[in-house]
Structures are given as C-alpha cells and as structure tokens.
Amino acid sequence: MYVYDPPYNKMRSAEFLDCHVLVIGSGGAGVRAAIEASCYGETILLSKTIAGKGGCTTMAEGGYNAVLREEDSCEDHFEDTMKGGAYLNDPALVRILVDESPERIRDLLKWGAVFDVTDRCEVAQRPFGGQCFPRTCYAGDRTGHEMMATLMDRMASSGTEVIQEVSVIHLFKDENTVTGALGIDRNGELLAIRSDSTILATGGGTRIYDISTNSSSGTGDGYALGFRAGADLIDMEQVQFHPTGAVFPYDARGRLVTEAVRGEGGILKNSLNERFMSRYDPERMELSTRDVVSRSIATEILEGRGTGHGGVYLDVTHLPRSQIESRLPVMLEQFLKFGVDIRDEPMEVAPTAHHIMGGLRISTDGQTTIPCLYACGEVAGGVHGANRLGGNALADTQVFGKRAGEAAGRSRKRVKKIHRKEIEAQEKRLAGFHEGSVLPTTIARSLQTAMWEGAGIFRTARELEKTLEVIKHLSSLPLKATGNSNLAECCTVQNMLRTASLVVRGALLRKESRGAHVRKDVTQTWDAKSSPYGHTWQNLKDSGVETGVKA
Amino acid sequence: MKEMSVRVFRFDPSEDKAPHYQTYHVQVNEGARVLHLLHAIHEEHDPTLSYRYCCGSGQCGSCAVRVNGEPVLACMEEARDGITIEPLELPVQKDLMVDLEPYLASISSLAPREEFVMPPQDVVDTIKPLRSCIECLACVSACPALKVIAFAGPTAMREDLRLALDPRDTEDRVTEAVKAGLFTCTSCQACWKVCPKDIQIPGKAIEKLRALANKKGLTLPRHQEVEKLVKETGRSVVRTETSFLEQVPEVIEPVGPVKATVGFFVGCMYNLRLPKTALDAMEVLKRNGIRVIIPKEQVCCGSPLIRTGQVDYLDTLKRRNIDAFVFRKIDTVLTMCAGCGSTLKNDYTTPFRVMDINELLTKFGIEPPARLSLKATYHDPCHLLRGQGIRDLPRELITQVVDLVEMPSICCGSGGGVRSGIPEEAAALAEKRRDEIEKTGADIVISSCPFCEFHIMEHTDRPVKNITTLLLEGYREKDRKKMEKPV
C-alpha cells in the first residue's frame, strides 16, 4: 500500500500491485464479474465500502426477472423489456439479458441462494410492472440482499483478493488502453494497481439528486472515471424516478418503497381517495411501467391532490396481514420504525431518483469503447433503454457481470505501463484539496437541489441550461479537504458533478420525450417506436444523438 | 428543526493516546435518525468525525453503533437529546468505525455440490428467517461469551445452522460449530434483543445446532449426566438436603383475605439447592394475600435439556407438569425461577397463565415493608429481563426496602448449561460481575433467579439475596420495630 504523504504529495514507493483482472465495485455485478474472472487469472476487487454492504444490489427489494415457466417465453420477456424501455434499448443486449437470466439465477440457486419457492418446489414468481407474465423471482422483499449474501459466499472461495474501503480516483492509460487504476483509502493513502483488464462495476449515481433511493455509494463514480478515460457514454439523460419513495421523516425521504408492494396488490390513492391510476393507465393501473406511474404521481401532487407530507397514498390494508408479514417484511419493519403500521394505515409515497438507464456504451461482452476497459451493471448503458422494468436490474447484474468477468478473464496478458506523470497529476489534484475552501458536502447539497429542481421528472431546455450553469459554477469552486480522510470525499463530489453534467447534457441532446425523459418544451409527432432518434452519446471530444438508426 | 446535545466517542489511534468523548449541540429535522445526527456533526461541526454508513435504510448493516450502550443501526434508531454514541465493542479503527472484516471473514461459506438440489419449501421456510441477517455485528458486540472465551459468536452460529439444514451444502457444519464454541453460549439472548432483524439466535439457531450435535453424540459429558439425572429422578440436580417440596403442605393459606390463588412451580434449583429462599417467598406470599397450591408431582421444566439440545425426553416432562396443574384446575401458575418462568412461557404451550413472582407481587400490590439502611445493586437475570421482558418490576419491589444502585445488565455466566459444561467460562463471566458489583459500592446483591444467585454467591464477598428474601427481611424489620414500640 502506498502512503499519501502531504505536504509533498508523493507516493512513497514505486511499487504496484499487479493482477490480471481488476474489478471496481462490489455490488451484484462486480462480485459476479470477479467470481467469473477469477477462473482465468489473478483477480482483485476494489470496494469503496465493505464489500457486500455497498452498492444498491443489497438494497434491491422486489426481485429478479427470469423466464422459468413453460407458459412464459423469452420472446415475451424481450418484448416487455423493449416496450418498457421505449425501444431505446440495444436489442442485442436485451436478447442476451432475457436468454441468460434463467441460467444466472440457477447459478445463484446452486451457490445457496434462498429464494421463495412454491409448494411444487419451484422458484416462486410475482407480477411486476410492465410485464405480461408474473416472472419476478424473489426472496421476500430482500431479494438483492439474498443475492449479495450468496455472491459474497461464492467469491470467498473464488480466490479473488478483495481490497476494502478504497475509492478509485483515476484509471491509468497507456496510449489508448486502460492499464489499471489508482485508489485512495479512507486514511488518504494511495494504492496503484496494474491490470490486464479493468472492469467498472461501480453502479449508478442518483445520489446527484436531492431525493434518491441510492446508497451512499451511488455517486456516479464509474460514469466519471469512464468518461475521463475517453469512453463513450450513451443515454445519460435516462434517469428512472421510482414512483414510490418514502416522504417522511424528512431525512429518510426518497427511501425505496419496493414495487413489490404494488406487485402484491397495493393501491395508489390521492388525498381525495381516488384511485387515480385509472386516469393515466386504466389497463395496467398500479402495475404500469415506472415512468408512467412516477409521472402520474407527480402530476397528482403538482395539481394539489397530494397528502400532508407531499406524497400520495400507497395502501395495502386490504391485503391479508399474513401476506404483508411474509412477502413484505422489510417494508413492514421500516415503516413501523417510522411509526406507521402498514397493515392498518396507508404509506405516503412520492417519486424518487432510482436508476440511471444510460451509461458506458458496451458490447455484448461488456467491452467499452476503450480497449481493456469493461463495464457491467448499472454503470453500463443500453440494456434498459429509456425505462427499466422492475426486476430487470438484478438480472442485468448477473448476466452482464458474468459476461464482463469472462471476457476480461479471457483477455490476453500483456505488458502494462503506468506513466509516472499520471500519478503525479493525481497527487497534484489531491494536494489541491488541501488548499481549497469549500467543503464537499456543501457542493453536494447544492448540486442535489439544483438537479432535483432543474433535471427531474419534467424537463425544459431553459431549466436544463440553467442547471448546467449551476453545475459549471459548482465545478469551478475549490474543494476543501479538512484532512487526509476527506480526500476521497472531494474526488467523489467531482464524480457527482461530472455525472450530473452528463445527465443534463444528455437531456439537452434528446429533443423528444421518451421513456423516463420528458421534455415539456418539445412537441413531437412520433411515438417511441417511430422515433427518429437513437442513443444520445457523449465522450471527451464530442457528443450527439444518433438519428435514423432504428431498432 | 430541533436542537440536540449528543456525546460522541472520539479516538484516532494515529494521534490519540486514549479515547475521549466530545459533546456537540446540533440542529436536526423532526424524525431524524442517529445517522442524520452524525451527518449534521460531520457537515456543520467537525468533518473529521469518522463513521460508516451506506444504504441508510437498515439493509446493509454498515452503520451499527452503540447508543447509550445498546447496539443499534444508526440509520434506523431515532435521534434523541442527550444520548451517548459509541462504537460497537470491536477493535476501533477510528471514532465510530470498527474493524468488521476479521469477523465477517470468519463466517462459514456454503460449499456447493456438483449437482444441483433445490431445497424443499419447509427447509426454505426454516432457513429464511436466518438469512435476513445483515451482518451488522450488533450481536457480536453484545455477546458476553466471546469476550471471555474462544467463540465464533452468534451470527456465525446462525449461518452454521443454515448451512447444516441446507441440502446444497456439503460440509459437516455441526462438528464445525461445536469446535467453534457452540457450547459456550449462555442463552443470555443479548444477541437476539439487539438484532435489528429480530433473529432469535439462541432459540432458533444455537439450541437447534445443539440438538443436531446431540444426534451426533457431541453433547458435552456433563450435560449428558444432567439428562440422565432428569430421566431418573425428574430433577436436574441431586438431592443433598431436605427439599422444598418435602417441607411444605400442598396448600398454603394466606394470612387475611385471599387476593388470588395460584399454583406454584418451584423448579429444581429452589427445590433442592436453595429451598430456604423458596420458603422465604412463601412467607411473603402468605403475608400478601396469595393462596398457593403446590402440586408435589411437578418435575423439572426441561430448560437444562432444551438449552443443551437434549430434547428427546422433553415432551414427557411437559406433559407431567401441565397435567399437575390442570388436574387441580389452576388458571395461574407462579414461577420464581427466571429460567423456569421463561421456559414455561416460551417453550411450553400451556392451558394456564404463567406469571413470574415479580409480576404477581406488583400486580396485587404488597404490604409496605420497613426500609433497611443498606445499599443494594440488582443483577438482571437473563431469563427474566430478556426471556420474559421484566425489567422495572423487580426494581419497584427492591426500592421499597433499600436504595438501589444500578449496574449494567450482563449475563453472570450460569445459564445455557455453561456452568456445568464449561465452568471456567462461567467463572470468568462471574468475575466480570464481581467487578461491576464492586464498582457500585453496594452492600448486598439482589437477584431473582436461583442460577444467578447461586453462581454469583461464589464470586463476590457481598451477600447475594433473592428479592423475596429482601422483602421478608423488610417485613421482619417492620415487625421488630412494632414489637419495640407497643401501641
């Protein structure tokens, strides 16, 4: 380990850790990738948190979509996913997702995952939004936690070296190839790792919003790292606002209220006690896609039919108490902690920033547009198009985690160079934080408010431009580290600023309403299927929107 | 917004010689959690404060800390004015951050078979509650056993049972658990009570593992002797003196009007080791209008067998005990042994109500005793405090006689078969009790459980007395004063 040594800001030693595959991120996708990669060579997994505890997989409640029954078909899963994604998805990636998701859940079951089963000893499935068949597998409402526990178990015997609580702040490059990464631990010590292949599995970034379901690690690190390394990102404007986030207490606002609540039969009502979804999607009602339900709830609130805490009601009191207790135990427990017994009274909910559908452009093997750099899970784009179906993210982590791990593992061993000047540049960057004057938390707060107000569910070019100006201003402020333990925090806030800027620029590039992205200032004559636009894309040099490319 | 004052443990091993506490006055929102309080300190007062958190919704187990000594998840526990926040009782890295990794790494992993087997629904139903563990290590922090002896700890045992039940695992987890200290658990249930996911580790994991160990012939020899004794004599301890049951009539009528009639379940310890204490209790009941019926055919409640995983003979004991009271049409059974009480309440399905003597006496009220000029401390029996949720009632009774000085509620080491099975551990835990007793400066130690009383007696020079004995002494003092001042 290298010791970061202010005031000189030099690494004490010239040694590096070496490995074949470096995985950055310890959520579902990262751990799955490491398990696979470790079959091919020495694998290191860098985790910003204690591995297994960070990321959003462990918080994922509802489920995992997989076609397991004769009555269901991969074709239907494909069509549901494409339709739900407003046909912005990359069809090749969706095909792989639906075809391989059943195999990947079997891996988990073999490794010990305890999913709920039917009395016929089959994995139980429940209905989720936007799907023509109940294909969401679950472990109560702690599905992601169950998966994470299983994956951690498996990784423990895979030979992967896990390095805990190190934040990656830079990807090394030799000419156009990624050759490793520089990390910083919570004491401010630097750690450099040289790798044949590097996998970004850093998850999402909706912490850039004031109201978000994400864990503290959802700060968009991978988007920023990938972008700075020169990779292409697509569809960054596509941010999913989950329809049901908690609204009280204030500090816990945004906390996810799982879609499983509606899957189990939960009903949405406004303050007039109207089941308002009948106005927006009478056919699918509460189980419409997330973009539709979020907009419906937001509209009810904006038009003055919200509750005291600024939400709408989500009610399960008509369900049998035993069903709530066995299928939604985490929800029951969380709301009880906040003084609401969901068996007897309705929850209050409002939309909350949840998932970024966009991300690094990948091939079917998770290869980004930069050699030797892979991406999988939420940090990658293209799988979910303009709106992700509930239950598809957990499947995504496993399918593309495995693929990226395997492809990176199979990649050739090579001579990897790390240039001294890159390290020096990073040391200088960190040293600058000791001279700064604005605390990272101050900047993060301002950013989150600006993003929620100017780049939320409903968007206009004017508001987006204004938000971009705020981001530019915040990015120009000199970040201040109070001590070595705050250096990582400063880097993280820079990642948030970069991610926010990618989201806003993407939103300006896409001059249409599509899926989760709604431009109120654009009138359009087409629907999703006949849209003239494909992906928006951005990289260090250029940006644009694809036209005339049809799925 | 509201202002709160909070005391926080601070320690930076790279700079500080010793930990210290710092008090902050912070503004937080209505309904804020402890985590938000920490955020407020970090953002508004002191960016150097280190603490760990991640999901903020009770699902990842990163943020466990101790609030006023009790392990909680910072993200779920409501912030209150005047609290003290400390790290878990694990090696401190900095401030509220502790080193979780060595423990996490020690939890067993499933070793899968080549061919895939799907666990059947009943196995899934048993395993599921064990899987809700978020590995926050609150239980490890609270466990008294692993502070004095090599023990893998509560949550590792939980996972061992899960693996033992899971048909997909290929290893012998029961033997592994025995080697990892399965028999060191005292059944104190501290782990369960601090578990944010309410996993009943002693009852649902450790006792189940001990039952599986029993099937493999791995029960400790001393525990096997106890089972033999119960089978032969109906009692878990040897008769060395005249028993309580031999000294009392079947019905004890109270002095004065009858407030209530109860059946009395004496338990092996008060019957055979501390009969004098049980006789004291009878005197107190007599004086307070309680009519007591004492079926002589009652036997051991089975607790020593349940706690050690020897459950074959249990149904016989249960039937004999239940029949003894049902036959006499008794609707309320009184226990004064915390262990028996907890067992009858939690391990039996009884057609009658079970009440601990502290509940009974406070329910019907007692004649005020005289005050004794003594300072006492109270040892909470695990099977009363956590097994039956009785905390305040004994204190209400004690403070009617003497001044009470509190000490932390920690297991004395006598439960779970540890006193007989691993006496050195039981002694080490009792020595820690001795230290706490010393710190209080109390003249006497009061408790409400024969196991605790008998065990602590060997580890303190202060007299150890049952609550009812204390009350009786209060009455005797009252009578003596009355004699001195004839009306």
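Colleague: So a crossing is left-handed if the near helix is turned anticlockwise from the far one by less than a right angle, and right-handed if clockwise. Which is the crossing of α1(A) and α11(A), left-handed or right-handed?

Modeller: Right-handed for α1(A) and α11(A). Bear in mind that this is a predicted model.

Colleague: Noted! At what angle do those two helices pack, and how far apart are their axes?

Modeller: Helix α1 (residues 28-37) and helix α11 (residues 392-410) of chain A pack at about 35°, and their axes are 7 Å apart.

Colleague: Which residues meet there?

Modeller: From α1(A) they include A:Gly28, A:Ala29, A:Ala33 and A:Glu36, and from α11(A) they include A:Leu394, A:Phe400, A:Lys402 and A:Gly405. By type, the contact of α1(A) with α11(A) has 9 nonpolar, 7 polar and 4 charged residues.

Colleague: How far is A:Glu36 from A:Asp232?

Modeller: Their C-alpha atoms are separated by 25 Å, and the two residues are 196 apart along the chain.

Colleague: Another helix pair, then. How do α2(A) and α3(A) pack?

Modeller: Helix α2 (residues 74-84) and helix α3 (residues 91-110) of chain A pack at about 135°, with axes 9 Å apart. The two are therefore oblique to each other. This crossing of α2(A) and α3(A) is right-handed.

Colleague: Who makes the contact?

Modeller: On α2(A) it's A:Cys74, A:His77, A:Phe78, A:Thr81 and A:Met82, and on α3(A) it's A:Pro91, A:Val94, A:Arg95, A:Leu97, A:Val98 and A:Asp99. That contact of α2(A) with α3(A) divides into 7 nonpolar, 2 polar and 2 charged residues.

Colleague: How many residues of β9(A) are themselves buried?

Modeller: 8 of the 9 residues of β9(A) are buried, which leaves the strand mostly covered. β9(A) runs antiparallel to strand β10 (residues 177-185) of chain A, and 8 bridges join them. In that pairing A:Phe172 stands opposite A:Gly180.

Colleague: What happens in the hairpin of β9(A) and β10(A)?

Modeller: The hairpin has 2 residues between the strands, and A:Glu175 takes a positive phi near 55°.

Colleague: Over to chain B. How many of its residues are in contact with chain A?

Modeller: 38 residues of chain B are in contact with 41 of chain A. On the chain B side, α1 (34-45) and α3 (121-131) are the elements that give two or more residues. α3(B) provides the largest share, 5 residues. The chain B side divides into 16 nonpolar, 14 polar and 8 charged residues.

Colleague: What's the strand order in the open sheet of 4 strands in chain B?

Modeller: β14-β13-β15-β16, with parallel pairing. The edges are β14 (403-405) and β16 (464-466) of chain B, and each pairs on one side only. On average, neighbouring strands of this sheet are turned by 40° against each other, direction ignored. Strand β13 (residues 375-378) of chain B is joined to β14(B) by 3 bridges, and the partner of B:Lys375 there is B:Asp403.

Colleague: Which helix lies across β15 and β16 of chain B?

Modeller: Helix α22 (residues 467-484) of chain B, running at about 85° to β16(B).

Colleague: Last one: which residues of β10(B) are on the covered face?

Modeller: B:Ile290 and B:Val292 are on the covered face, whereas B:Arg291 and B:Ile293 are on the uncovered one. β10(B) pairs in the antiparallel sense with β8 (residues 251-252) of chain B over 2 bridges, and in the parallel sense with β9 (residues 260-265) of chain B over 4 bridges.

Conventions
Residues numbered from 1 in each chain as written. Chains lettered and ligands numbered in written order. Predicted model: local features only at pLDDT ≥ 70, side-chain atom pairs only at ≥ 80, totals over all residues. Axes fitted to C-alpha atoms, helices over the stretch in contact; angles between N-to-C directions. Parallel < 35°, antiparallel > 145°, perpendicular 65-115°, else oblique. Contact = placed C-beta atoms within 7 Å. Nonpolar A, V, L, I, M, F, W, Y, C, P; charged D, E, K, R; others polar. Buried ≥ 20, exposed ≤ 12 C-beta atoms within 10 Å, placed from the backbone. Pairing = 2+ DSSP bridges.
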